[in-house]
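Subject: Structure handover

Hello,

Here is the structure you were waiting for. My notes on it follow below.

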Amino acid sequence: MTSSSTTWTDLVAISERVAPMRQLFETDPDRLAKHTIEAAGLVLDASKNRIDDALLAAMLSLAKSSAVEARRDAMFAGQKINLSERRAVLHVALRASRDAIYEADGKNVMPEVHAVLDHMEAFVGQVHGGAWTGHSGQRITDVIHIGIGGSDLGPRFACAALKAFHHTGLKVQFVANVDAHAIDDAVAGLDPASTLFIIASKTFTTAETMMNAHSARDWSLAGGVPEPELHRHFVAVSTNADAAKAFGIDVANMFGFWDWVGGRYSLWSAIGLPIALACGMDRFRELLAGARAMDTHFATAPLEDNMPVRLALIGIVNANLLGARSVCIAPYHQHLELLPAHLQQVEMESNGKSVDLEGLPVSHRTVPVIWGQPGTNAQHAYFQCLHQGTEWAPIDFVAVIDPGHRHFEHHRALLANCFAQSEALMRGKTTAEAKAELVAAGKDDAEAKRLGPHKTFPGNRPSNTIVLSRLDPASLGALIALYEHKVLVQGAIWNIDSFDQWGVELGKVLAKTIVDELEHAVPGTHDASTAALVDRARRLEAA
């Protein structure tokens, strides 16, 4: 919270006066309309939240006084809102139209952005058409994308979500973990002569990525790919031409991106090359168009009718006013299985901060823990806790109306479960209601009294429902952009830098030291626990 005259204490007091949700629905016939927003092909139903007219007004006032609009406009203007790294934040430019103007350091970046997109389109066309072959003339049948963090999870999620649109005859896999099981599992059963690797590392020095890349290179050479022909089997998404060339990659097959693109916002760039290879460049452009539609909405809609703003404000109500320590993401579509994982990175890496823009400790909670898995699996795992446990969590339900298949009985059951869960969380069931149901079912009064407390649901537990007409590239792009912009709004209100990620660094630096100790038995200086773990690993390896 920045310059708001309304304190967190004031907002908590307002939130404590909000009536239970059951009562809010019963007394306000316009509640659904007030809390439903449609934009970019998505519908957000936020009516099942512990918020009334007075609290919504206070939260909108908070957004205005926290300069949300100014931070948003500064991002679109290419200002360096990543203050600690002094960088612009222009992932919105990656999905802008060719004739748009987005400037970084006074230069319009759009010609370069679309030059890379055109390069991607030409390359994808060659691979799909068979003009690009392996060293022996075989068509490429398998693509393995090697990256980590934002260079992996974004495109991995999008490829999984768009499975229904995959190009036949081409299988795309992802390797991120430095654990060798990942690369071994990916290449198992493949023919090096028909396998293409994408090495995604801006600097071409990312430790985990380059270790996996060199293992892939060794596998290719051992499998009969001549070293001078490696360029037929490896391309790079990077800015380090010299390192890529030394590896064996033709710099003509290097796809660039820019320092104003954060990793977790980079799937719209050449980092999305595996998406384009999996689904085709036309589909990739539809993905960009869906995100662009959400960008336009976010940039132009008033705060009270702005979907990312509303989603962000509800999140702040739940975390900062009501005390929620986590948020559950529950997509009711199997192909959105990786949505919770992607949002973990987008939100927790962005807003997992404990100091404000001035470097001072924040006095309030920032991002809650993001977690979840697809419904209906989740209902048989942890929904018991969400309905009746002492540790509650708000839920974002994501529903898709058109399943894209003809198993309508399955889909009706899926949607019924999604809608029923949010209703049950909101309504709950009183002990009196539970006892009455038991008596109606034939139980005597004593048994009804005994079982009643066990069948009581407190209710008044908040959730959002986001509805997609169907899961296609455009709706997926809009959905991802919705959460990206939610991050900016919450970061502005919390007065933190949403676009750096220094918290990733310390463990990586320490790991480099420990690698030397494990490999060369170099003594290190650690606490007793870490020293013992290093020693144990070294002795077991030696044995």
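Helices H8 (150-161), H10, H15 (339-351) and H21 (505-520) each put at least two residues into the lining of the largest pocket. H21 gives the most, seven residues. Helices here are DSSP runs of H or I with at least four residues, strands are runs of E with at least two, and both are numbered from the N terminus.

This is a predicted model, in which local features need pLDDT of at least 70 and side-chain atom pairs count only at pLDDT 80 or more, while totals for chains, interfaces and linings use all residues. Residues are numbered from 1 along each chain as its sequence is written, and side-chain values use heavy atoms, with hydrogens and water left out.

The largest pocket holds about 1,300 Å³ of space. Its lining has 41 residues, and Thr-206, Gln-501, Val-504, Glu-505 and Lys-508 lie nearest the centre. By class, 17 are nonpolar, 13 polar and 11 charged. (Nonpolar covers Ala, Val, Leu, Ile, Met, Phe, Trp, Tyr, Cys and Pro; charged covers Asp, Glu, Lys and Arg; the others, Gly among them, are polar.)

A pocket is an open set of points on a 1 Å grid over the protein atoms alone, with protein on both sides within 12 Å along at least five of seven lines; a cavity is a set where a 1.4 Å probe fits but cannot get out, and lining residues have an atom within 4 Å of a point. Points are joined across faces, edges and corners, and a volume is the space filled by probe spheres set on them.

The second largest pocket has a volume of about 400 Å³. Among its 19 lining residues, His-333, Gln-334, His-335, Pro-403 and His-405 are closest to the centre. Helix H17 (408-427) supplies the largest share of this lining, three residues.

There are three cavities of 30 Å³ or more, and the largest cavity has about 80 Å³ of space. H14 (307-321) gives the most to the lining of the largest cavity, with four residues.

Last, helix H9 (180-187). Its buried residues (under 20% relative accessible area with a 1.4 Å probe, protein chains only; exposed is over 50%, partly exposed in between) are Ile-183, Ala-186 and Val-187. They fall within an arc of 85° seen down the helix axis, taken from the directions from the axis to the C-beta atoms, so they line one face of H9. On the other side, His-181 and Asp-185 are exposed. Just after H9, Gly-189 has a positive phi of about 80°.

Regards
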